[in-house]
Amino acid sequence: MGAEFAIEARGLSKHFGDLRAVSDLNLDVPRGQIYGFLGPNGSGKSTTIRMLCGLLTPTMGSANVLGTEIPGDSRTLKPKIGYMTQKFSLFGDLTVRENLQFIAEIYSYPRAERASRIEELLGKYDLHDQQTQFAGTMSGGQKQRLGLACAVLHHPELLLLDEPTSAVDPQSRRDFWANLFRLAESGTTILVSTHYMDEAERCHRLAILDRGVKVADGTPQDLQARTSMHIVEVIAENPYAAQSTLDGVAAIASVTQLGVRLRVLIPERHENPVQLVEKSLAEHGVAGSASLTAASLEDVFVAVTMSPEERDR
Amino acid sequence: MKSLSRLNAIIKKEVLQLSRDRLTFGMVFGLPIMQILLFGYAINTDVRNLKTAVANQANTHLSRQFVADLRATQVVKIVETVATPDALEGLLRRGKISIGIVIPHDFDRRVVDNNRAAVHVLVDGSDPTILAVANQLRTMPIRFDTTLQSPKKQDLIEVRPYYNPERRTPVNIVPGLMGVILMMTMMLFTAVAIVRERERGNLELLINTPVSSAELMIGKVTPYIAIGLLQLAIILGFGQLLFDVPVRGSIFDLYVAGSAFIAANLALGLLISTATQTQFQAMQMTIFILMPSILLSGFMFPFDGMPVIAQYIGEILPTTHFIRLTRGIMLREAPISELTSDLFFLIGFTLVAMTIAATRFSKRLD
């Protein structure tokens, strides 16, 4: 096993009957980094995470996670990973402290250090005031902090987070990411799935999944630089009219409205994209100005998840 | 060592959660008390005071004496006196009475005539129990005269009721009730306890920790073993206090049998939990097993009276074997060493159910 990667997956696949939830996934997750899975619901993010921690047996392919072969006996792996589920999965009828205590016992955390570790986590994750509160009565953000505190209590080498921020407000998300960076800094490898672009942008590396297939991977900057599309931004007085006009143009792969602006994706083989857009608008008598711009992560996502017909326009 | 600490953590957590779930906690103790009060007092196979009407067409001194004797038996309770047998049939049909007694005009003559019955008893035979009670009336003697005793005739067969000479129903019901109550609570609690964790998502977290499925299962059911033994004590105590139900055999033997039975039901509960996804399904499954356990286990009806197929079904239910054990130990003073086949069945049942449950459980997420 290379000490360089926490996870190496080769040809990992999972089929549920006819459904190919994950197909032929290759993955290299470097140690000490935050690695993101970006994809819509049903793109295979959760299935992949569950295979990597040994909850699901792959239909084909294999992975090496922290030196443990998958498929195989994942018992040696469990103490080394922390896992946070999409849904709050701690005990609602136990208090915050009792939940932490339970997790510490389950992981056989050294008895002498248990109390100080729990104290440390209550402080770090801002749960001191809630320690005697039942976990079920806390807010979304508090539950999520408790979830993370429980997942990292035993100092896991690898943290698997399945859409951890889907139920929390923006401020809680910011705090949550600050915590993740702190953990990565101290050497923890983090695999996080998300469907938020801004979160994906914060990852050191990321893989974009679409219907069970990895369609792109790399650093966010790489992905933005490598997109095979011209990105044209259009400012129009009547964005709706502009969008319907541009939707009908053969060379244009995708048009997305953002307020008064439109983001137009045109495959790179077409030359002079700005003129193409302006000419099309003028022909239909729609007022608007176009300019070439750099790709955002959302543009990358749209570009890599579009159907082959759209891409070949 | 680590395994023990994990087991301990699960047990501690389970007890903590149970102590906070007031409704379940109340059920643990309330259910056996309520059931024993209800069934102990309500179920009675020694039927008395059947509603009865009499049509005394003879109306002689002898017939009136006969009616007074009937009343004195307490088997019947005469609620109405009518003129004709037709009126009796009407009352029977309307459900006003269960028994109608016709005393014909020539009652006095019929009494001395060995070829003719002196009295007709009309019975609502739709309930076999009532019919059986009515048949008791046939053995009632008729006294012509208080002075002239008819010579005492020795019965050909003498029946000696062992173990329950007073024919009190609770003596028979309470040992069986122990089986039914324990089965219901043990099976339901374990089935629901695991399924609830799946429903709430706790299970996905737990199976990602170093906890093994065996530790998880054993940890979850251990508190219920204690609860089961406590329930056993409650039922025994109330049975003795209120209904004077004896424990003639060894109380230790009874607890050995109880432990084996509790284990069998917990294993069954775990098995149900691996086959169901929601608490509602788990409850339905429990009721599916509960019904035959009440009706086919010998709790309500004598086992020997059932058709062979029903007996086979009864034989695979743990409750059947436990009821045999409790009745044997409590009433017949049998040592458990004479009832080993039932004990071994319970132990075997536990092992098989537990093995199936554990193998099914570890494959859950796939």
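A: Begin with domains, whose bounds come from an automatic or database domain assignment. For chain A it gives domain 1 (5–219) and domain 2 (227–311). The model is predicted: local features need pLDDT of at least 70 and side-chain atom pairs count only at pLDDT 80 or more, while totals for chains, interfaces and linings use all residues. Residues are numbered from 1 along each chain as its sequence is written, and chains are lettered from A and ligands numbered from 1 in the order in which they are written.

Q: How many residues does each domain of chain A give to the contact between them?
A: Two residues are in contact if their C-beta atoms, placed from the backbone, lie within 7 Å. Here domain 1 of chain A supplies eight residues and domain 2 of chain A six; the C-alpha centres of the two domains are 37 Å apart.

Q: Which element gives the most to the side of domain 1 of chain A that touches domain 2 of chain A?
A: Helices (H or I, at least four residues) and strands (E, at least two) are DSSP runs, numbered from the N terminus. On that side, α6(A) gives the most, with three residues.

Q: Is strand β3 of chain A mostly covered or uncovered?
A: A residue is buried if 20 or more other C-beta atoms, placed from the backbone, lie within 10 Å of its own, exposed if 12 or fewer, and partly exposed in between. In a regular strand the side chains alternate between the two faces of the sheet. Strand β3 (residues 34–38) of chain A is mostly covered, with five of its five residues buried. Ile34(A), Gly36(A) and Leu38(A) lie on one side, Tyr35(A) and Phe37(A) on the other.

Q: Which strand does β3(A) join through five bridges?
A: Strands pair if DSSP finds at least two bridges between them. Five bridges join β3(A) to the parallel strand β8 (residues 189–194) of chain A, where Ile190(A) is the bridge partner of Ile34(A).

Q: Which residues touch the most other members of the largest nonpolar core?
A: A nonpolar core is a set of buried Ala, Val, Leu, Ile, Met, Phe, Trp, Tyr and Cys residues joined through C-beta atoms within 7 Å. Among its 154 residues, they are Ala149(A), Leu160(A), Val264(A) and Ala267(B).
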